[in-house]
Amino acid sequence: MSAVPRFEKPGRADRQSGRFRRMLDRLSSSQQDLESEELREDAQASGCTRIAECSDRQLVKVTGTLRTVTLRPRAGVPALEAELFDGTAPLDVVWLGRRSIVGIEPGRKLIASGRISMSHGRRVLFNPKYELRPLGKE
């Protein structure tokens, strides 16, 4: 036996360490980090714009999960507000004149489209067109 190191095929060791590194990263990541990563991948796969990349007055199509849903009057008119999160940034979605909408509940995934506006430093989407995502995909 000689002391000459044995060489493997190029790239194989890198591929194994890459898989091992990803596994360690997933084990050491928090549940929130993993969910955020999954939401970012889902937004990219569906062809939607990431919320963090949206600017004022831009027409967008975004997707994500509803974190909160509240009824909050605006100028004396009922308004259903929800916070949509896609793993990059939150977006306030507001339906004016609505007290409730069937299917709009925390934890539900949806696709929304409309024109972004900025209000008090937060992105807001008023009266968007929306599509509820099937519950089986969650």
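Modeller: What follows is a set of questions about labels, each answered by setting a value against a definition.

Modeller: This is a predicted model, in which local features need pLDDT of at least 70 and side-chain atom pairs count only at pLDDT 80 or more, while totals for chains, interfaces and linings use all residues. Residues are numbered from 1 along each chain as its sequence is written, and side-chain values use heavy atoms, with hydrogens and water left out.

Biologist: Why is Glu 83 called buried?

Modeller: Buried means under 20% relative accessible area, exposed means over 50%, and partly exposed lies in between, with a 1.4 Å probe and protein chains only. Glu 83 has 15% relative accessibility and therefore counts as buried, and Glu 81, with a relative accessible area of 9%, is buried because of that value.

Biologist: What makes strand β2 mostly covered?

Modeller: Strands are DSSP runs of E with at least two residues, and helices are runs of H or I with at least four, both numbered from the N terminus. In strand β2, residues 79–85, seven of seven residues are buried, with Ala 79, Glu 81, Glu 83 and Phe 85 on one side and Leu 80, Ala 82 and Leu 84 on the other.

Biologist: How do you know that β2 and β3 pair?

Modeller: Two strands pair if DSSP finds at least two bridges between them. Seven bridges join β2 to β3, which run antiparallel, and the bridge partner of Glu 83 in β3 is Asp 92. Strand β1, residues 59–71, also pairs with β2 in the antiparallel sense, over six bridges.

Biologist: What makes Arg 67 and Glu 83 a salt bridge?

Modeller: A salt bridge is a side-chain nitrogen of Lys or Arg within 4 Å of a carboxyl oxygen of Asp or Glu. For the side chains of Arg 67 and Glu 83 the N to O value is 3.3 Å, and they meet in a salt bridge. This pair links distant parts of the chain, with Arg 67 in strand β1 and Glu 83 in strand β2, 16 residues apart. Arg 67, Glu 83, Asp 92 and Arg 122 are linked in a network of salt bridges.

Biologist: Why does Arg 72 count as partly exposed, and with which residue does Arg 72 form a salt bridge?

Modeller: Arg 72 counts as partly exposed because its relative accessibility is 44%, and its salt bridge is with Glu 81, the closest N and O atoms being 2.9 Å apart. The side chains of Glu 81 and Arg 74 meet in a salt bridge as well, at 2.9 Å from N to O.
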